[in-house]
Amino acid sequence: MNAEERNYLVLDKIIERYGERPGGLVRVLYKAQELFGYLSPDVQTHVAEKMCLSVGHVHGVATFYAQFVTAPQGKNVVRVCMGTACYVKNAEDILDRFRELLGVETDATTADGRFTLSTTRCIGACSLAPLLTVNEKVHGHLSVEGVARLVELYREDDLDTDEEVSPVERERERERQRPASDQGAAPPPH
Ligand code: FES
């Protein structure tokens with residue numbers, strides 16, 4: 001049994017335990033994301049089948065809550081705070097500088113899978129504005145000039161993981177291998 005199959009087994013146990021309870025779907029999706037890293041179409045379909053729900057309903061919940069991600073994330077997830085305190089202190093310019101340096105739009109991942117660029121709302125640390133988080137770490141009192149240094153810092157941290165295949169690359173490889181007729185096909189009805 002491979003790791004993915006084991007993850008599905010664990011997920012099925014969670015569905016059995018919490019699936020029927022109020023708020024069960026959110027709890028199940030939270031666990032699924034913890035297991036698989038993100039809520040892929042396959043995982044959403046599996047949850048829908050096991051919980052006797054439509055894929056559309058599961059997808060709606062997966063995309064409604066900000067804590068859920070439905071695409072593979074980069075190794076470093078950068079979230080620029082766009083709350084009021086950060087916004088008035090040039091958060092928009094900082095976000096633009098990230099876009100420029102990483103070559104991606106907001107809510108996208110670099111081709112090498114090292115960075116996902118995103119935004120967040122106020123995280124309650126306004127005295128550090130403007131700020132952002134990289135994974136779990138908060139970086140405050142940012143300047144546009146400081147963005148390049150931050151990117152370099154996280155790139156250097158990645159040097160020893162060059163051999164790893166990122167989840168983004170894995171997903172793209174899977175897409176490439178999928179027959180053309182499957183690509184873009186609608187999920188099965190439920
Ligand atoms: S507005 Fe950015 S932390 Fe509050």
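**Exposure, sheet and pocket**

Trainee: Why is Gly 103 called exposed?

Mentor: Gly 103 has a relative accessible area of 62%. Exposed means over 50%, buried under 20% and partly exposed in between, with a 1.4 Å probe and protein chains only, so Gly 103 counts as exposed. Residues are numbered from 1 along each chain as its sequence is written, and side-chain values use heavy atoms, without hydrogens and water. The model is predicted: local features need pLDDT of at least 70 and side-chain atom pairs count only at pLDDT 80 or more, whereas totals for chains, interfaces and linings use all residues.

Trainee: What makes Gln 44 buried?

Mentor: The relative accessibility of Gln 44 is 4%, and therefore Gln 44 counts as buried. Gln 44 lies in helix α3, residues 41-50. Beyond its neighbours within four places in sequence, Gln 44 is in contact (heavy atoms within 4.5 Å) with Leu 39, Val 58, His 59, Ala 62 and Thr 70. For the protein of 190 residues, buried residues make up 37%.

Trainee: How many helices and strands does the protein have?

Mentor: The protein has eight helices and five strands. These elements are DSSP runs numbered from the N terminus: helices are H or I with at least four residues, and strands are E with at least two.

Trainee: What is the sense of pairing of β2 and β3, and what is that of β1 and β4?

Mentor: β2 and β3 are antiparallel, over two bridges, and Thr 109 stands opposite Thr 116 in β3. In the hairpin of β2 and β3, with five residues between the strands, Gly 113 takes a positive phi near 75°. Strands β1 (residues 76-81) and β4 (residues 132-134) run antiparallel, joined by three bridges; Arg 79 stands opposite Thr 133 in β4.

Trainee: Why are β2 and β5 said to stand at the edges?

Mentor: The five strands form an open sheet of mixed pairing, in the order β2-β3-β1-β4-β5. β2 (108-109) and β5 (137-139) each have a single partner strand, so one side of each is left without a neighbour in the sheet. Helix α6 (residues 91-102) packs on the sheet, touching β1, β3 (115-120) and β4.

Trainee: How many residues line the largest pocket, and which classes do they belong to?

Mentor: The lining has 29 residues, with Ala 66, Gln 67, Val 69, Gln 73 and Arg 79 nearest the centre of the pocket. β3 gives the most to this lining, with four residues. By class, the lining has nine nonpolar, 14 polar and six charged residues. Nonpolar covers Ala, Val, Leu, Ile, Met, Phe, Trp, Tyr, Cys and Pro, charged covers Asp, Glu, Lys and Arg, and the others, Gly among them, are polar.

Key: Pairing = 2+ DSSP bridges. Axes fitted to C-alpha atoms, helices over the stretch in contact; angles between N-to-C directions. 1 Å grid on protein atoms, 1.4 Å probe; cavity = no way out; pocket = protein on both sides within 12 Å on 5 of 7 lines; lining within 4 Å.
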